[in-house]
Amino acid sequence: MPQNPQNPQDPVATARSFLARLRTAFDAATLALAQGCSTEGKLSGRKLDARQVASFELAWAAADLLAAEAGVANVRSGGSELDARLALLFAVEAGNAVLGRLDTLHLELGLPRDALRGLRDDAGWEALCLSAAGSKALEAAGEAVAASDGEVGQLALDEPHAMAQDAFRRFAAEVVAPQAEAIHRDNLTVPESLLQPLREMGVFGLSVPEQYGGSAPDEREDSLLMVLVTEALSEGSLAAAGSLITRPEILTRALLAGGTREQQARWLPKLAAGDPLCAIAITEPDYGSDVAGLALRGTRVAGGWRLNGAKTWCTFAGKAGVLMVVVRTDPDRALGHRGLSLVLVEKPAFEGHDFVFRQPEGGTLSGRAIPTIGYRGMHSFDLSFEDFFVPDANVVGGEAGLGKGFYYTMAGMVGGRMQTAARACGVMRAALRAAIRYCHDRKVFGQALVEFPLTRAKLARMGARLATCRQLAGSVAALVDRGEGRMEASLVKLLACRSAEMVTREALQLHGGMGYAEESAVSRYFVDARVLSIFEGAEETLALKVVARSLMERALGVAPTAA
């Protein structure tokens, strides 16, 4: 039976069928690119570097495609009609974006494009494009998003997870949000009026197993809880609340991956209690995401190590009482990442934007906060280590952990990237809800801004982005809990952080001149969102070194590399 071009008989089935065929074309491009970047069945770093643009496009095609698949897969019987509509809207726009990227890749790789032409000209797909993303569809979806007050992308939660989400959303609205503007505009440090209640709510122990005083089950992980809590707090403030969990998340996972039993017993209960607070020192002035090239030196001395060198962009280093520091303990630079170890640097907590800590042993650690356009409250520091002493007991993994710091760090970063995707979702939700409220209140040309078709189209696309990223984050959290999803965690971080830039930009735009005023919360959301694609793995590094490389390794059937 021919389909009505205005209304496909089963739009969800049409979307799933199209995406399955698109996945086949994507897999063909991935394999062809992998073969062109390999020598004797193994990927060549030199060849990969020569095909960076193609690899970047492949990674973004992967992000859009997986997100579209996750969104459509979550359309369920009895679920929200609005979420189904938004899932189809995203699937159409992402599907067309993937088609465009694959068309260029197929051309460049010399692959036939008949299948892509067939997809683009498919009558069912054309009908779905019109019914899900045409002007009338966008206007109707935007009207529904405006009526929802931003409650989109709902996850199927059991009672404990739903209660946790509700509790932290209330805390973010009642305690975090009222303090967020002053922290941002006055460049303050996160105050104890936020930190102490969060300690009492168990925020810092979300990834710490129950046996060590945290809330994570001993027999498995609960990444979904971390995602829900992070998103809720980030809606109140990215810097003053939502990002507080990231550092203990990374250090906890690193200790669970490589710490000795004694180190786990000593540090995990402290991390769960939020006393001391912690920071992560990886980046160096000459080495950003190139972790394998790090140069901070550790020299063995009686009873431990002396650290000399610099770190940068170490967030919360002033307030933290312990720093997880990646240090080169083997002077042979040819070893690359195999010469790196993890050490725990203990220091007093300092308020303010600079500090100097002098050890009785004669070592010095100094720090200076880096002025930033946003993400204020935790402050990111330049650090200088001068003959700073670290005892052997603070080398993660002990003697057996020497040279394994890179791998322990990467074990921590999987959770950090998932958590960053959740932060992005929280900022998006805040921006969308602020835009909805403003568009209801603001009158232009005699009517409310929300009544204009273009406003509704913008709200529809913003809602579709948020809903899809939330659904994808939930799906990838389940993968991570099964010990999988290293590449997918990077992929959802990639997509959600770019989406946060887009959603906050549109929220600010809908506010007009008021959006550019510091007194408007959307101006803070906009500048805060910009950092998300930079930290926890810069967008380019994740796309090239993790997502594209992992996709090509899978296509070739070779063991994945650590990244």
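A nonpolar core is a set of buried Ala, Val, Leu, Ile, Met, Phe, Trp, Tyr and Cys residues joined through side-chain atoms within 4.5 Å. The legends below describe close-up views of a predicted model.

**Figure 1. The largest nonpolar core of the predicted model contains 136 residues.** The residues with the most contacts inside this core are L22, L86, L102, L233, M418, L459 and M552. Helix α14, which spans residues 405–441, gives the most to the core, with 16 residues.

Figure 2. M418 is listed among the residues with the most contacts inside the largest nonpolar core.

**Figure 3. C314 and C439 are two buried cysteines.** The relative accessible area of C314 is 0%, and that of C439 is also 0%. Each of these values is under 20%, so both residues count as buried. A search of the whole structure finds 0 disulfides. For C314, the nearest cysteine sulfur belongs to C278 and lies 9.6 Å away. A disulfide requires two cysteine sulfur atoms within 2.5 Å, and therefore C314 is in no disulfide.

**Figure 4. The largest cavity has a volume of about 70 Å³.** In total, the model has 4 cavities of 30 Å³ or more. The lining of the largest cavity consists of F204, L244, R247, P248, L271, G274, P276, L277, C278, F316 and M378. Sorted by class, these lining residues comprise 9 nonpolar, 1 polar and 1 charged. C278, one of the lining residues, is also the cysteine whose sulfur is nearest to that of C314.

**Figure 5. The second largest cavity has a volume of about 40 Å³.** Of the elements, α10 gives the most, with 3 residues. The residues that line the cavity are L155, V227, L228, E231, C425, R470 and A473. By class, the lining has 5 nonpolar and 2 charged residues, with no polar residues.

Notes: Residues numbered from 1 in each chain as written. Predicted model: local features only at pLDDT ≥ 70, side-chain atom pairs only at ≥ 80, totals over all residues. Heavy atoms only, no water. Buried < 20%, exposed > 50% of the residue type's maximum accessible area, 1.4 Å probe, protein only. Helix = DSSP H or I, 4+ residues; strand = E, 2+ residues; numbered from the N terminus. 1 Å grid on protein atoms, 1.4 Å probe; cavity = no way out; pocket = protein on both sides within 12 Å on 5 of 7 lines; lining within 4 Å. Points joined across faces, edges and corners; volume = space filled by probe spheres on them. Nonpolar A, V, L, I, M, F, W, Y, C, P; charged D, E, K, R; others polar.
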